[in-house]
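Subject: Structure handover

Hello,

Please find the structure below. My notes on it follow.

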Amino acid sequence: MKILVTGGAGYIGSTAVSILLDRGFDVNVIDDCSTGYAASVDSRATFFQKSILEPAALDYALQGCDAVMHFAAKSLVGESVVKPEIYWETNAYGSRLLLNAMRRNGVEKLVFSSTAATYGDSKENPITENSATSPTNPYGASKLAVDYMISAQSTAYGLSAASLRYFNVAGALKTENGWLAEKHNPETHLIPNLLRSTPESPMKIFGTDWPTPDGTCIRDYIHVVDLIEAHIKALENLTPGRHEIINLGSGGGYSVKEVLAAAEKVLGRSIPAIATDRRAGDPAVLVADISKARAVLGWQPERSLQSMVSDAWESF
Ligand code: UFG
């Protein structure tokens with residue numbers, strides 16, 4: 001089976017490419033390397049360094065493919081507020097062009113990288129797939145728009161699809177050619193930031209007055225390898241004309257202070273940290289209900305917070 005992986009040079013996409021190849025899938029990759037790295041693309045894949053905004057490039061990359069895993073996207077919440085047009089163009093319009101190209105080329109299976117940001121500041125925790133969607137930024141809104149596009153495509157044209165709504169992805173994958181890891185610039189995520197913390201530039205804890213037991217925000221962290229395992233199971237479980245929406249997290253939450261303590265344990269030393277004001281747009285608690293992933297995919301996360309932090313640390 002041949003899979004087109006869009007965004008296969010990024011953190012999550014390149015991890016998917018490597019694992020798919022190890023499992024015996026053939027893989028094409030399309031990525032313009034605007035945020036990804038050509039060096040992260042496994043050399044066993046056929047790589048098109050092109051944008052998903054180019055229909056001709058999509059046609060070319062889709063040749064011989066049976067399915068698509070669609071990761072290519074802009075994914076910084078803060079940036080999406082100040083430059084929303086990029087998010088609508090790449091995430092929404094780019095996905096529209098991909099759906100058109102899939103139809104033109106007779107490719108009828110899709111696994112889409114969606115996000116918990118579609119739920120916004122949820123009233124319900126844990127969050128189920130039936131919880132209300134009310135994104136609080138253009139990033140989440142653009143991804144939700146794609147979920148709607150995919151549903152319509154399944155109803156109208158029989159597309160087999162799954163939208164996987166990620167919570168907080170962390171960790172890294174060791175391959176024969178080194179680590180595939182988070183290399184964002186700028187880096188905004190908690191785990192890489194606290195591993196980089198120094199006495200001169202200590203990591204900031206964004207708010208210690210949240211309505212949580214220790215006053216810091218709670219998130220649901222999932223190892224990137226567990227996340228990709230769920231993608232492969234989703235691909236294997238696609239049904240013609242159906243669009244499944246499935247949350248992917250670990251089903252439990254850790255506060256910022258708990259993640260800091262886990263990282264201190266891995267490093268065997270204390271990590272410099274200072275409390276600062278809350279970060280704009282952060283909800284207090286985001287935890288996934290993953291019973292649907294367990295039931296529909298027959299999947300469950302295997303890797304602990306400790307292993308997410310230690311893999312991220314080793315990959316540095
Ligand atoms: N945090 C800090 N200090 C930092 C970085 C983060 O205290 O230096 C805190 C944040 O306030 C938050 C938690 O750590 O409470 C996690 O923050 P991240 O930036 O690592 O992740 P987010 O929860 O903000 O965002 C993640 C994804 C988004 C996605 C969102 C969905 O990165 O793409 O989950 O809920 F939209």
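Ser154 counts as buried because its relative accessibility is 4% (buried means under 20% relative accessible area, exposed over 50% and partly exposed in between, with a 1.4 Å probe and protein chains only). This is a predicted model, in which local features need pLDDT of at least 70 and side-chain atom pairs count only at pLDDT 80 or more, while totals for chains, interfaces and linings use all residues. Residues are numbered from 1 along each chain as its sequence is written, and side-chain values use heavy atoms, with hydrogens and water left out.

Ser154 sits in helix H5 (helices, H or I of at least four residues, and strands, E of at least two, are DSSP runs numbered from the N terminus). Leaving aside neighbours within four places in sequence, Ser154 is in contact with Leu159, Ala161, Gly241, Arg242 and His243 (contact means heavy atoms within 4.5 Å).

Ser142 is also placed in helix H5. Ser142 is buried, since its relative accessible area is 0%. Not counting residues up to four places away in sequence, Ser142 touches Tyr87, Trp88, Asn91 and Ala92.

H5 covers residues 138–157, which makes 20 residues; at 1.5 Å a residue the helix should span 28 Å, and its end C-alpha atoms are 28 Å apart, which agrees (the expected span is 1.5 Å times one less than the number of residues). The buried residues in H5 are Pro138, Tyr139, Gly140, Ser142, Lys143, Leu144, Val146, Asp147, Met149, Ile150, Gln153 and Ser154. An α-helix has 3.6 residues a turn, so residues three or four places apart point the same way. The cover over the buried residues of H5 includes helix H3 (77–82), helix H4 (84–104), strand S5 (109–115), strand S6 (160–166) and strand S13 (243–248). Just after H5, Gly158 has a positive phi of about 80 degrees.

In helix H10 (residues 305–314), the buried residues are Leu305, Ser307, Met308, Val309, Asp311 and Ala312. Strand S7 (168–170), S9, H6, strand S12 (221–223), strand S14 (254–255) and helix H8 (256–267) are among the elements that cover the buried residues of H10.

A cavity here is a set of points, on a 1 Å grid over the protein atoms alone, where a 1.4 Å probe fits but cannot get out; lining residues have an atom within 4 Å of a point. How many cavities of 30 Å³ or more does the structure contain? A search of the whole structure finds 1. The volume of the largest cavity is about 50 Å³ (grid points are joined across faces, edges and corners, and the volume is the space filled by probe spheres set on the points). By class, the lining residues are 5 nonpolar, 2 polar and 1 charged (Ala, Val, Leu, Ile, Met, Phe, Trp, Tyr, Cys and Pro count as nonpolar, Asp, Glu, Lys and Arg as charged, and the others, Gly among them, as polar).

**Cysteines and backbone geometry**

The structure holds 0 disulfides (a disulfide is a pair of cysteine sulfur atoms within 2.5 Å). Cys33 is in no disulfide, and the nearest cysteine sulfur, that of Cys65, is 18 Å away. Cys33 counts as buried because its relative accessibility is 18%, and Cys65 counts as buried because its relative accessibility is 9%.

Most residues other than glycine have a negative phi, and most peptide bonds are trans. Cys33, in the loop between S2 and S3, has a positive phi near 60 degrees. The peptide bond from Asn125 to Pro126 is cis, with omega near 0 degrees, and Pro126 is in the loop between S5 and H5. Asn185 and Pro186 are likewise joined by a cis peptide bond, with omega about 5 degrees. Pro186 lies in the loop between strand S9 (178–180) and helix H6 (190–195).

**Two other serines**

Ser34 is in the loop between strand S2 (26–30) and strand S3 (46–48). Ser34 counts as partly exposed because its relative accessibility is 46%. Ser34 and Gly10 are 24 residues apart in sequence, and their C-alpha atoms are 9.4 Å apart in space.

Ser14 is in helix H1 (residues 11–22) and is buried, with a relative accessible area of 2%.

Regards

Methods:
1 Å grid on protein atoms, 1.4 Å probe; cavity = no way out; pocket = protein on both sides within 12 Å on 5 of 7 lines; lining within 4 Å.
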